[in-house]
Amino acid sequence: MIEIKDLHKSYKIGKNLLHVLKGININIEEGELVAIMGSSGSGKSTLLNILGMLDVADKGSYMLDNFPIKDLDETKAAKYRNKFLGFIFQSFNLINYKTALENVALPLYYQKVGRAERTEKAMQYLAKVGLEDWSSHLPSELSGGQKQRIAIARALAAQPKVLLADEPTGALDSTTSYEVMQLIQDINDEGKTILVVTHEDDIAQMCKRIVLLKDGVIIDDKKVNQVRASDHV
Amino acid sequence: MFNRDSWQEIFETISKNKLRTFLSGFTVALGIFIFVILFGFGNGLKNSFQEFFMDDATNIFRLFPGRTTIPHNGFKSGRDIEFDNADLVAIQKNFAFQLQYITPRIQRNYTIKYKNKSNNYGLRAVASGHQHAEKTIMMKGRFINNQDVLNKTKYAVIGRLVEIDLFKGEDALGQFIDIGKRSFKVVGVFQDDGGDNEERFVYIPYTTNQLIEKNTDKLGQLIVAFKPIIGYQGAMKFEAELMTFMKKRHDISTKDEGAIYLRNVAEDLEQNQQFGSLLQMVVTFVGIGTLIAGIIGISNIMVYVVKERTKELGIRKAIGATPRSVIAMILQESIFITTAAGYIGLFGGIFLLNSIEDSLDNYFIKNPYINMGTAIFATVLLIIFGGIAGYVPARRAARIKPIVALRDE
Ligand SMILES: Nc1ncnc2c1ncn2[C@@H]1O[C@H](COP(=O)(O)OP(=O)(O)O)[C@@H](O)[C@H]1O
Ligand SMILES: [Mg+2]
């Protein structure tokens with residue numbers, strides 16, 4: 001599903017060049033649930049942003065579903081993001097004046113899905129994350145866990161090929177974290193490819209594969225026996 | 001881009017961000033409202049100005065007799081000048097080419113009586129030309145004519161309000177009124193645009209008045225009308241010649257400024273027109289100023305709005321909004337708000353102007369109005385600039401990378 005070869009990324013900070021990713025090679029198959037680990041500042045988010053076409057690499061190749069991702073202008077990137085990718089952020093990034101339902105329906109609006117169908121589909125995904133009763137609530141009326149579920153429903157609504165989650169449990173307590181991970185596992189069980197950036201070991205253990213980043217390169221990449229989140233709840 | 005769905009999205013955004021909508025809408029509405037009111041007031045000021053100064057004929061000089069200030073030809077200074085019938089004839093003879101008509105005006109105050117009603121009124125003893133000089137409009141009957149002057153008839157022409165005061169709804173025409181101790185027949189009733197005071201006068205032939213006053217030949221002031229075809233230059237030349245002519249007749253030094261006063265309405269007119277266009281310029285200036293203030297206001301608000309929405313726009317872009325759709329959304333929203341608010345301000349302003357009408361007459365604002373073309377032009381201008389004001393920050397926002405926007409917390 002994802003093929004990355006020799007990916008490099010530097011940031012300019014003043015006159016200095018900060019080399020964040022120094023040659024990343026990785027293949028991810030369809031249906032995988034991959035944890036990307038590493039200490040703070042090791043480049044996890046940078047990698048995920050490049051995969052998510054929110055940022056561009058300086059060097060290297062990137063294939064998504066056998067489709068080369070290169071020469072992206074903003075408009076193309078926006079269309080690919082909408083079509084191929086779903087994002088889950090640590091800080092949820094819901095639109096605060098839109099209800100849960102409207103937030104979930106928004107990617108479909110940009111896919112030019114009609115209003116009635118949008119509402120129906122969004123309702124389905126809300127039900128999937130167990131929040132159909134909260135559809136008319138604003139984000140400010142929801143708990144952290146509920147907000148993240150809404151964000152997951154929104155990411156799913158566009159029916160992307162890959163879900164990218166940057167520290168999805170970073171702002172949640174452990175019980176809530178496990179509930180969110182359970183949801184992610186369920187979605188993965190249905191066959192969706194998911195990448196989860198985390199620096200928490202227990203969250204990583206709930207994935208099927210752990211990739212360890214350090215100083216801009218992958219220093220470890222191993223399959224693990226998935227711990228089911230339901231065992232913790 | 002302009003389908004029903006995107007409108008729905010915009011209405012949602014507008015209705016859920018009431019403060020923002022109100023702020024930008026209010027600025028525009030207020031801008032247009034003030035523009036309309038100021039412009040209307042400016043026009044009202046022009047109206048009262050015109051009424052004040054344009055009421056009378058504009059092709060006349062007024063000659064007022066004064067008192068000499070310089071000894072001349074053996075006369076001491078301090079001598080009172082009076083015009084008489086001989087002056088009238090001499091002017092008519094000497095300036096036949098320039099002269100349209102000439103009329104004296106002898107002004108007196110009399111108690112005027114009809115049956116048992118009486119009141120004090122101004123009496124003006126004049127010739128027929130006076131009707132043109134004051135633009136007196138006859139409601140019924142006729143004005144003093146040349147026959148009256150020749151025959152020294154005891155005919156009177158009374159103002160509309162004199163008729164109302166004395167006749168109480170009765171028709172004054174053909175009735176007899178007492179002016180002082182003498183009886184005059186009413187041959188006409190007039191109205192005048194110059195206001196209430198102009199309609200409380202009574203006109204009689206000047207010759208009749210001279211007869212009453214012991215058969216004198218004195219005339220009071222002279223109103224001299226020139227033929228309009230001689231033009232402004234011709235009028236100025238006529239004025240100078242007339243002055244010289246009159247000074248010579250009355251043994252007045254050419255340097256004497258006090259013996260005869262001459263008021264040239266043509267000159268006044270020129271000044272008044274200059275003042276009128278100055279007024280127009282001030283009004284236009286104030287209007288443009290208001291519009292610019294409105295445009296600056298809406299620009300600032302758009303910058304603030306887009307800044308406030310940076311994160312939201314980042315989220316929208318992350319989940320698939322193209323830069324184009326971001327710009328379109330912000331533009332559509334700002335144009336919709338400015339249009340709606342602009343028309344609220346426009347019609348609010350026009351409504352207020354219409355309801356003012358004559359109530360500010362005392363402040364020299366008469367019938368304030370703005371013509372629809374100007375008002376709509378101003379509104380459209382504000383909408384266009386509102387759009388441009390929205391476009392610049394919208395384009396900037398659309399260019400911000402989503403990660404940058406999302407980091408902004
Ligand atoms: N846009 C940016 N400009 C400059 N430096 C950046 C930018 N984004 C990230 N960095 C730097 O790159 C390094 C890696 O960042 P990041 O990928 O966010 O790390 P992680 O997510 O693993 O904590 C950090 O040192 C960070 O300060
Ligand atoms: Mg990070």
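Predicted model: local features only at pLDDT ≥ 70, side-chain atom pairs only at ≥ 80, totals over all residues.
Reader: How many bridges do β1(A) and β2(A) form, and in which sense do they pair, parallel or antiparallel?
Author: The two strands, β1(A) and β2(A), run antiparallel to one another and are paired over ten bridges. In general, strands of a sheet are held in pairs by backbone hydrogen bonds, in either a parallel or an antiparallel arrangement.

Reader: And what about the turn, which residue takes a positive phi in that hairpin?
Author: That is A:G14, with a phi near 65°, in a hairpin that has two residues between the strands β1(A) and β2(A).

Reader: What is the strand order of the open sheet in chain A?
Author: The open sheet has four strands, and in chain A their order reads β2-β1-β4-β5, with antiparallel pairing. Its edge strands are β2 and β5 of chain A, the latter covering 67-68, and each of the two pairs on one side only.

Reader: OK, over to ligand 1. How many residues surround it, and which are the closest?
Author: There are 13 residues around ligand 1, and the closest of them are A:G41, A:K44, A:S45, A:T46 and B:R407. Because the residues that surround ligand 1 come from both chain A and chain B, the site is shared between chains.

Reader: How does the shell divide into nonpolar, polar and charged residues?
Author: Seven residues of the shell around ligand 1 are polar, four are nonpolar and two are charged.

Reader: I'd like the polar contacts too. Which polar backbone atoms lie 3.3 Å and 3.1 Å from an oxygen atom of ligand 1?
Author: The 3.3 Å distance belongs to a polar backbone atom of A:S42, while a polar backbone atom of A:G43 is found at 3.1 Å from an oxygen atom of ligand 1. On the side-chain side, A:T46 places a polar atom 2.5 Å from an oxygen atom of ligand 1.

Reader: How much of the accessible area of ligand 1 does the protein cover?
Author: On its own, ligand 1 has 560 Å² of accessible area, and the protein covers 67% of that.

Reader: What lines the largest cavity?
Author: Its lining includes B:R20, B:T21, B:M302, B:R309 and B:E333. In chain B, the helices α2 (18-53), α9 (265-308) and α11 (323-356) each supply at least two residues of the lining of the largest cavity, and α11(B) gives the most, with four residues. By class, the lining of the largest cavity has four nonpolar, three polar and three charged residues.

Reader: And which residues line the second largest cavity?
Author: The second largest cavity is lined by A:N82, A:L85, A:G86, A:F87, A:P107, A:R154, A:A155, A:A158 and B:I319. Two or more residues of that lining come from each of β6 (85-89) and α5 (144-157) of chain A, and β6(A) gives the most, with three residues. The lining of the second largest cavity divides into six nonpolar, two polar and one charged residues.

How values were computed: Residues numbered from 1 in each chain as written. Chains lettered and ligands numbered in written order. Heavy atoms only, no water. Near = heavy atom within 4 Å. Polar contact = N/O pair within 3.5 Å; in protein donor to acceptor, adjacent residues only side chain to side chain. Areas by Shrake-Rupley, 256 points an atom, 1.4 Å probe, with all protein chains shown as cover. Nonpolar A, V, L, I, M, F, W, Y, C, P; charged D, E, K, R; others polar. 1 Å grid on protein atoms, 1.4 Å probe; cavity = no way out; pocket = protein on both sides within 12 Å on 5 of 7 lines; lining within 4 Å. Pairing = 2+ DSSP bridges.
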